[in-house]
Amino acid sequence: MKSQKAQKVVNVIARYFMKRNGHVVYAVRSSNGVDTYCTTIINGKATGCTCPATKPCYHMIQLEAKEAARKDLVAAESELVAEAKKTAYLNCYDDMAAAKVASIEAVREQTREEHEQEDRAYRMAQIEQAMASRKVDGLGYRHEWYPRTSL
Ligand SMILES: [Zn+2]
């Protein structure tokens with residue numbers, strides 16, 4: 001059979017975190033629903049309670065457990081935050097990598113094939129230009145080769 005103590009559930013009014021020293025003070029409603037007690041938790045250990053019950057009282061026992069669970073939750077949360085940060089960082093890194101690949105592609109030296117192809121195209125263009133500018137008569141002779149004379 002469960003004891004009377006175990007059946008009581010601590011009724012938290014407020015939780016105060018003392019930034020100055022990291023201590024936690026819980027304001028709790030007494031089981032009679034009238035009085036207010038303060039339970040102090042230092043470094044995760046319940047060190048005292050203002051209620052008149054024999055120590056450790058159920059406030060101390062339950063709040064110490066509650067605080068431990070809270071710490072686990074905070075740890076899990078910060079782990080999630082760290083994970084999210086890592087993911088964000090990796091995504092960022094990937095974006096950078098993509099940009100890097102693009103810039104590398106932009107400045108990448110031509111391959112031999114590309115160089116030859118371009119060279120060939122350049123020479124073809126030169127030949128085409130020369131053919132286009134060349135004045136060739138019906139017999140295939142250039143006029144400038146046989147300048148007209150007054151004779
Ligand atoms: Zn107490």
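Trainee: Which residue in β3 is the bridge partner of Val28?

Mentor: Tyr37 is the bridge partner of Val28. A word on the source: this is a predicted model, where local features need pLDDT of at least 70, side-chain atom pairs count only at pLDDT 80 or more, and totals for chains, interfaces and linings use all residues. Residues are numbered from 1 along each chain as its sequence is written.

Trainee: What joins strand β2 to β3?

Mentor: Start with the terms. Strands are DSSP runs (E, at least two residues), numbered from the N terminus. Two strands pair if DSSP finds at least two bridges between them. Here, six bridges join β2 (residues 24-29) to β3, and the two run antiparallel.

Trainee: How many bridges join β3 to β4?

Mentor: Four, and β3 (residues 36-42) and β4 run antiparallel. Thr40, for one, stands opposite Gly48 in β4.

Trainee: What lies between the strands of each hairpin?

Mentor: Between β2 and β3 there are six residues, and Gly33 takes a positive phi near 75°. The hairpin of β3 and β4 has two residues between its strands. Asn43, in that turn, has a positive phi of about 50°.

Trainee: In what order do the four strands form the sheet?

Mentor: The order is β1-β2-β3-β4, in an open sheet with antiparallel pairing. β1 (11-17) and β4 (45-49) are at the edges; each has a single partner strand, so one side of each lacks a neighbour in the sheet.
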